[in-house]
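Subject: Structure for your review

Dear colleague,

Please find below the structure for your review. My notes on what was found in it follow directly after.

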Amino acid sequence: MNNLNQFNYSEKLAESGITLVDFWASWCGPCRAMEPVLAQLETEGVTVNKVNVDVEQMLSAKHQVQSIPTMIVYKDKQEKGRIVGAMPLEALKAEIAKLTN
């Protein structure tokens, strides 16, 4: 997982395939609960990147992130949708599939 900032956000989106960008904070319990889920998702071929909203406030504002965790799903560098809130791996995979098919 890459930590993104305002300087590398665009370049870290995968040219092809699915990329998930997780907007999170260290004090957010649901965000911490998603860490093992996202790690497992990455082993299944999804590129996972993270944005710490406390550090990257301008980037969070640019992407209009108002609740965390917010996960923006990209396919071939195009935003396909957003998922807000914590959920188990299978539910997350189902949401990603709905957004990218």
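T19 has Y74 of strand β4 as its bridge partner. This pair belongs to the antiparallel pairing of β2 with strand β4 (residues 70–75), which extends over 6 bridges; two strands are taken to pair if DSSP finds at least two bridges between them. Helices (H or I, at least four residues) and strands (E, at least two) are DSSP runs, numbered from the N terminus.

The model is a predicted one, in which local features need pLDDT of at least 70 and side-chain atom pairs count only at pLDDT 80 or more, while totals for chains, interfaces and linings use all residues. Residues are numbered from 1 along each chain as its sequence is written, and side-chain values use heavy atoms, with hydrogens and water left out.

Strand β2 also pairs with strand β3 (residues 47–52), here in the parallel sense and over 6 bridges. Within β3, K50 is the bridge partner of D22. Together with helix α1 (residues 29–43), β2 and β3 make a right-handed β-α-β unit; right-handed here means that, with the strands pointing away from the viewer, the path from the first strand over the helix to the second runs clockwise. Of the 7 residues of β2 (residues 18–24), 6 are buried, so the strand is largely enclosed by the rest of the structure. Buried means under 20% relative accessible area, exposed over 50%, and partly exposed in between (1.4 Å probe, protein chains only).

Strand β4 is joined to strand β5 (residues 78–84) by 6 bridges, and the two run antiparallel. Y74 stands opposite E79 in β5. β4 and β5 form a hairpin with 2 residues between them, and D76 in the turn has a positive phi of about 50°.

T70 is found in β4 and is buried, with a relative accessible area of 3%. A polar atom of the T70 side chain lies 2.3 Å from the backbone oxygen of S67. Leaving aside residues up to four places away in sequence, T70 touches V21, D22, F23, V65, I83 and V84, where contact means heavy atoms within 4.5 Å.

Finally, the structure holds 1 disulfide, defined as a pair of cysteine sulfur atoms within 2.5 Å. This disulfide joins C28 to C31, with an S to S distance of 2.4 Å. The link of C28 and C31 is right-handed, with 75° about the S-S bond. Both C28 and C31 are buried.

Yours sincerely

Terms used. A polar contact is a pair of N or O atoms within 3.5 Å; within protein, one must be able to donate a hydrogen and the other to accept it, and residues adjacent in sequence count only if both atoms are side-chain atoms.
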